[in-house]
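Kindly keep the sequence and the model in view while reading.

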Amino acid sequence: MVDVIIAMPGVDVLCPLFFDLCSFYGQSADYRPSTTRRAAVDAIQSASDNHSKLKTTDTQKLHPTGTRLSSFARRLLAAWRGQELPTSDDTVILAASGGADSTSLVLGFDELLRTKKLSLSLTVAHLDHGLRKVSRDEAAWVVALAKKLGYKSAKRRVDVQKRATETGDNLEQAARRARYEFLKSVAKKENAQFILTAHTLDDQAETILLRLLRGSAAEGLGGIEVMRSVEAGSRVQLVRPLVSWARRSDAEDYCRARQVEFRHDEMNQDEKFARVRVRKQLLPLMQSFNNKIVETLSRTATLLREDAGALSAEASKLLALASKPSGNNSSKTEGASLNVNVMANAPAAVRRRALRLWLTRERGHLRRLEMVHLLAIDRLLTENRGGRIAQLPDGGHVTRKRGRLELIGVANGKKG
């Protein structure tokens, strides 16, 4: 605020000029009759000087310097350190779509790198899904942003619609699979151990509700993990540095503060997608009951993940015990079999988790496997009748024979 006090004859001309100029320079003024024309002139010059400084600062926002961090970067750094992730001498791959979330993550890491809070090698990776007319422009925009900030970039274009048709996946599943295949290939090329994605608290809440609507168990309701292996047995970790603290609005505000116009995906407004309906219809309704519903859902997911982790540890022990050959086990079928008695005597929550681990181990994945399939296999254990089968979504099946559960037709992710 420019505090100007004016009181003298002949000021009528100067006052309107002063307030017009203050308005032009983005300053505010307090007009009280008590000083001199010189004070008003000095105040106008001060406003002009301040405007020049602001203009200089604005041009520097894309490339912040100094050691003082923005609130967004401070919280990002705290989340990074909280996971005990490396602060130097490592390479990270950052997945960027050009939207507010991933752009804020690029800019946040840029701020941490420029202020020397981190000393990492950063590669910005973009997959063009080929679903929209503007997708090539968005890919070019992401590459240009990375170049302007001084980072390496990688991009690829795939026909996700064609892949979805060929695999039977829905569009979201096909896009996700293509995206992670691309990111893993970039990580391999760059010898990187970390892939970063920009999931936020809002993504977490949407994911939890979608899984709740599908009837998921605790593992699914645990939502998006902050960090996990990109695939079983891989040394590459998938990290979501924003998911525990950042709202989508935080990402948008930070991009604006850095004066970067992020891209808008019109598909995020298309309510034919279940996720968009959850975002635009269900969450606002729930927010009318609890205005912190997004944060509440995230907290619930954290508790469920902790519970699921403890049960999964017990399930691993059960699976190891049930996998041991029994005296009458002469089965020659593909895939390891399980001892029915050992499995049936375990608590249901542990038993079903052990079945999931078994199927993951033998199939190589859990794609399209739903609770209905697990319950069908579980009934083979509990109903004490042999000779029946439980069908799996990829054409394989599980059967009970001579006191063992056997997986038929699928091994290591391939049909037999």
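This is a predicted model: local features need pLDDT of at least 70, side-chain atom pairs count only at pLDDT 80 or more; totals for chains, interfaces and linings use all residues.

1. Residues are numbered from 1 along each chain as its sequence is written, and side-chain values use heavy atoms, with hydrogens and water left out.

2. The protein chain contains 15 helices and 14 strands (DSSP runs numbered from the N terminus: helices are H or I of at least four residues, strands E of at least two). Of its 416 residues, 42% count as buried (under 20% relative accessible area, with a 1.4 Å probe and protein chains only).

3. The largest nonpolar core has 40 residues. Such a core is a set of buried Ala, Val, Leu, Ile, Met, Phe, Trp, Tyr and Cys residues joined through side-chain atoms within 4.5 Å. Trp-80, Phe-109 and Leu-242 are among those with the most contacts inside it (contact: heavy atoms within 4.5 Å). Helix H4 gives the most to this core, with 7 residues. Apart from it lies another core of 24 residues, including Leu-359 and Leu-380.

4. Which residues of helix H10 (residues 248-257) are buried? They are Arg-248, Ala-251, Tyr-254 and Cys-255. These residues lie on the same side of H10, because they cover an arc of only 130° around the axis (taken from the directions from the helix axis to the C-beta atoms). The buried residues of H10 pack against helices H3, H4, H8 and H11.

5. Just after H10, Gln-259 takes a positive phi of about 60°.

Definitions and conventions. Buried means under 20% relative accessible area, exposed over 50%, partly exposed in between (1.4 Å probe, protein chains only).
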